[in-house]
Each structure stands twice: as C-alpha cells, then as structure tokens.
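Dear colleague,

Please find the structure we discussed below. My notes on it follow, and I would be grateful if you could read them alongside the coordinates.

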Amino acid sequence: MSTPAVELVALTKSFGDVTAVDGVDLTIRDGEFFSMLGPSGSGKTTVLRMIAGFEQPTSGTVRLAGQDVTGRPPFARDVNTVFQDYALFPHMDVLANVEYGLRVKKVPRAERRERAMAALESVQLAGYAGRRPTQLSGGQRQRVALARALVNRPRVLLLDEPLGALDLKLRRAMQLELKDIQRDVGITFVFVTHDQEEALTMSDRIAVFRDGRIEQVAAPADLYESPASPFVAGFVGTSNLLEGEAARSLVGRAGTFSIRPEKIHLGDEVHDGDATAPGVVHDVVYLGSVNHYLVRLDAGPTLTVLRQNLRGTTDEAMALRGQRVTVGWAPEHVIELGADQQLQKEES
Amino acid sequence: MTFSGPTRALLRLFTALVLLFVYAPLALVVLNSFNTSRTFEWPPPGLTTRWWSAALESDGARNAIVVSLEVALIATAIALVLGTMAALALQRFRFFGRDTVSLLIILPIALPGVVTGIALANAFLTMFGIQLGMLTLVVSHATFCIVTVFNNAIARLRRLGGNLEEASMDLGAGTFRTFWSVTLPMMRSALLAGGLLSFALSFDEIIVTTFTAGQGIQTLPIWIYQNLFRPNQAPVVNVVAAALIVLSVVPIWISQKLAGTDESVAAAR
C-alpha cells in the first residue's frame, strides 16, 4: 500500500483548560474522500486546522505523505483549504483570487493564467473571471474557493463545512459535484461536516468525532449497519435503542441494542419469523414520501418506525394515532452495540 | 421608520437650524474675506479682492502654511507606520499587559494638551538635551496622531478577523507577502481615514505646538493667533481662514467617495 496522505499520531490540542482534541490517531489513505463527522464542538474542525497548520498541536504528530510537518507553518505544507465562509479576497477579482497561490509560487504568467482559467472552467465559472466576489452568489463563491484551492494541485484538500451556507437543493447538487471532482483530480479530500447525510453521500470512509475523540472510523455502509456505540448509532441516522430490562424482554439477553426505523414492520407487514412486540401508536409524523410512527411498546421503550407512503391515504395513516398495533423485526437487524459508559451516565 | 406629518416638519426645521448654526459663521468668514471694511462691518459696505492679493504676498502666512503642512505630513507619516504596527501587534498576538499597552497608546488623545506640552518640552530640554525646533514639534504631534491611526486600524482588524490572512498563508504566502497582498489592501480605507484625521489634528494644533515648537518656528494656527488682533493683519487672517475652509472640503470629499466604493467594508458586513 502506498504512503498514507495524512497520519495523525496521538494528536492533542488544549485551549486553556479545555481539551478540544484528545489523543486522536488517524490514517487517511492516498486518494481517499475522507469525512470527519461530529456535532459542533467535537474537535473535528480543530483537527482540520492542525492538518492545515493554523493551529499547533499541544502534543502529537502530523505527517503528510510520510513527512513530519508538525512544526511547519501553513505556507510550508502541501495542503490547501476550502474555508467555511470561503475567505475569498474581496479586493481581487475572481481570476486574481484563483491565481493567488500560483503567483505566490512564481509560476510564469502565461501558465498561471491558463491553469486558473482551466480551474474556473472545471467549476463552470469561466465567464465570471472578471467579477468581484461580492458580485457572486453563495454557490458561486463556494466554487471559486474550490477552484482557488485545486489550482495549486495540493496533495491533500481540506474542506471545512464548505456546503454549510448553501440551501438544501444546491447543497445536494454540490455534494455530487464535489464527489465527481474528487474522482477526476484524484486528490485526497478531507471533509469536515456535522451533517451525517452529507458524509454518507460523499465519503469513502468516515471518522465520527465526539468530545475530541474518534468514536469509529468506517465506510458509510459499515457505519450505518454496524455502529460501534450508541452515540454513533444515534448520530448516523435515526436509531432505536433497547437496553436494560427492555433489551432482556425484547431481545432475550442483556446488552445495548439498536434497530433502524426502516427495519421495523408495522401491523400486517410483520413477517413470519419476526420478533414481535405489542404497543400503542403514540404519534404519526408526516414527512412527504415517508411517515414516522412513534410506537410506545408495552415493554417500555418508544420506537420510531419508518414506513414509505406506498399505499393508503394520509388520512388512513394519521388514523393510526392512538391505535394498538404489533411491531416486528427480523432478528438479524438487531445490532448489538458496544458499551457506552458516558451516554448511559447522561441518561440515568 | 415613518413619522407623522408634524413630526417630520419639526425634524426638518431642527436639521435646518443646526446646519445654519454650523455653516452661517463659516459663510461669514468667506464673505468677510471680500469685505472692504478693515473691521468687518455688517452689512459689508463693498466687496474687494484686495485682501486676497495681500494674503498671497504675505511671507508670514506663506511660511506658516508651509511649516504646518510639513509638520502635519511628517507627523501623519510617522503615525501611519507606528499606529499600524501597534494595531497589528495588539490585535494579532496575545501577551501579558496587552490591554495596558492599548490604553497607553490611546491615552495621549485624552490628556490635556497643556500637560502633554509641558511634559514633552521638559523631556526634550532636560532629559535628551535637544533644542526645541522642527524635530521636537513633529515628534510631539506624532504622539497624538498615532492614536487616530491606531484606533481606525485596530477597529478594521477586529472586524476583518484572521480569516483572509489564513487563506493567504494556506495558499503559500509567507507572513510579509500576506501583509502586503491581503492585510494592507484590506486596511487601506481605514488607514486613509485615520491619516486624514491625524493630518487635520496636527494642522490646527496650537497648545502642544506652543510648548514644543521653540521660538523660530511658526505654524499656521500660531501665526493666525498672533495676527488676528493686529488691525493691519486681520483681513489677511480672514482670507487665510476662508482659503482653509475651501481646502478642507477636498479631503472630506475624497474620503466620502472612497468609503462608498470600499470592498473591504462591504465584505466585512
């Protein structure tokens, strides 16, 4: 296997009394689309800033392509960043923004111009070279920021929640576009986000952050189907947790278990061989193509059940509210989770 | 916001009164510079350009203007360099005693001119053994000029944050290159505003100047002060004042124009 693009060894960062990043070990492969996912304050952005060189780690090592760069300033690292608020230079036009990195590196004028225009073309903004950043929409600024970083052909591209400021439709389109661009240029992307759907859509692998530590590193499907902890199960997708007495009566043994809402069947959809449990529909949440049914089981916990609106009317679905139902699930869809001391403590 | 009819009329009246109060005396100065009467009789018995030609030929007035311009320009230049550097240091780095240093830089503008004047004159004469003259005058003016530049610069830096500078370094630019290509252009309009204000402060300063200029040097305010009550010179002084009114419109107009098209302001919004 080739040298990893990024290696973090026992990386720690404290701001005064607060430990933002607490002993992170991480290996990001060359050419991979890697996401760092976590709630705000989980340390993912601080890790990104330490890879870029904006923050110095309190302890630990940052290696880029096998080289220790821990003490190096940002301008001596072969990485580029797409900032959350884009950080385009407002006093330069779009072309000058994109050319900036090449001008600093003293690339000859003709080559500079050619590469900058090519980069602008790749993000479909060739016609906007003479505009000022203030004259562009949010989505266009985002593309300029991307072109400005990619034109330098860095070994690693760091993206700090670059889609956060865009509306939902544009964000979806940009997610697919980013993935395409990454596949074309073959550069390692390290993508920071708090949006689990975004991470699942684009990433080859995802690291889930929590309180400055990594909970789990896995491919999207593995993360969703076999979360390592209740936190991961809850943060990536919706999760129904069964623990304690409820776990013993519903699963048949002690432990902490999770069942995804789409794996639970309702009423006449329960198959033979499914584990079943009776309960009352506490609420129905209409979400357009699907409905969420909140079923309070006689055994204690309330489960979220997801059902597609394939048949029947919305009125019929809503009429289930307050009705007694039976829910069921295939035993193989019950995921056993590792112990999660902290979450249990918080809940008790 | 919307106002009722009477409120609007009242606001208009107040605005007109305030503007009249400010500008009528200034208009009078300009009018009097053409007044044939030596004692500024009202209404003027006649109009003449005699005082304007007398003023042009007055060596005292000409020298005083040149000295004042020199002092204001040099003091402003010093203030721009030192004020910008101080603002950068205080905004970008955290160190022990940062707030104290910040206070000490701003303090001279609040100190009474008399105190600053006496203190500086004493220090120059006794501690450093320098004769009062152009050098001491410029240095003294720079102490309060720095404040206006510093205040403008640090306000802009606070609003900008460090984001653009990080982007520049991320793209491979070192510290100096980043300052030159990103930080300085973003500060330009703030520095211009600070510089203009500092120039104006220095140009009409009279108290500190009295203490630190020594005998041989006469700035314009001092020349005006000394000549206003001489019957022969009064009309000439009036002409100089009228000319200054017209001249001071220019930098204000420039700064207004620049502020309107300033991208760094638009971006920080």
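Predicted model: local features only at pLDDT ≥ 70, side-chain atom pairs only at ≥ 80, totals over all residues.

Residues are numbered from 1 along each chain as its sequence is written, and chains are lettered from A and ligands numbered from 1 in the order in which they are written.

Chain B

Over residues 65-255 of chain B, the chain is 82% helix and 0% strand, with the end C-alpha atoms 23 Å apart. Helices (H or I, at least four residues) and strands (E, at least two) are DSSP runs, numbered from the N terminus. From the unreviewed UniProt entry also comes the annotation "transmembrane region", which covers residues 12-34, 65-89, 101-124, 130-150 and 236-254 of chain B. Of these, residues 101-124 of chain B are 92% helix and 0% strand, and their end C-alpha atoms lie 23 Å apart. For residues 130-150 of chain B the figures are 81% helix and 0% strand, with 28 Å between the end C-alpha atoms.

Helix 3 (residues 59-92) and helix 6 (residues 134-160) of chain B have axes that come within 6 Å and cross at roughly 40°. Axes are lines fitted to C-alpha atoms, for helices over the stretch in contact, and angles run from 0 to 180 degrees between N-to-C directions. Helix 3 and helix 6 of chain B are therefore oblique to each other (under 35 degrees counts as roughly parallel, over 145 as roughly antiparallel, 65 to 115 as roughly perpendicular and the rest as oblique). The contact of helix 3 with helix 6 of chain B has 21 nonpolar, five polar and one charged residues. Here Ala, Val, Leu, Ile, Met, Phe, Trp, Tyr, Cys and Pro count as nonpolar, Asp, Glu, Lys and Arg as charged, and the others, Gly among them, as polar.

Chain A

An open sheet of three strands in chain A has the order 11-12-18, with antiparallel pairing; two strands pair if DSSP finds at least two bridges between them. Strand 11 (240-243) and strand 18 (335-337) of chain A stand at the edges with a single partner strand each, so one side of each lacks a neighbour in the sheet. The twist averages 35° from one strand to the next. Four bridges join strand 11 to strand 12 (residues 256-259) of chain A, and Glu243(A) has Thr256(A) as its bridge partner.

Strand 14 (residues 275-286) and strand 15 (residues 290-297) of chain A run antiparallel, joined by seven bridges, with Val285(A) opposite His292(A). These strands form a hairpin with three residues between them, and Gly288(A) in the turn has a positive phi of about 85°. Strand 15 of chain A also pairs with strand 16 (residues 302-308) of chain A, antiparallel and over seven bridges. In this second hairpin four residues lie between the strands, and Gly300(A) in the turn has a positive phi of about 130°.

Contact between the chains

The contact takes 20 residues from chain A and 18 residues from chain B, with residues in contact if their C-beta atoms, placed from the backbone, lie within 7 Å. Helix 2 (94-104) of chain A gives the most to the side of chain A that touches chain B, with three residues.

With kind regards

Note on methods:
UniProt positions renumbered as here; feature names shortened; annotations may be inferred. Contact = placed C-beta atoms within 7 Å.
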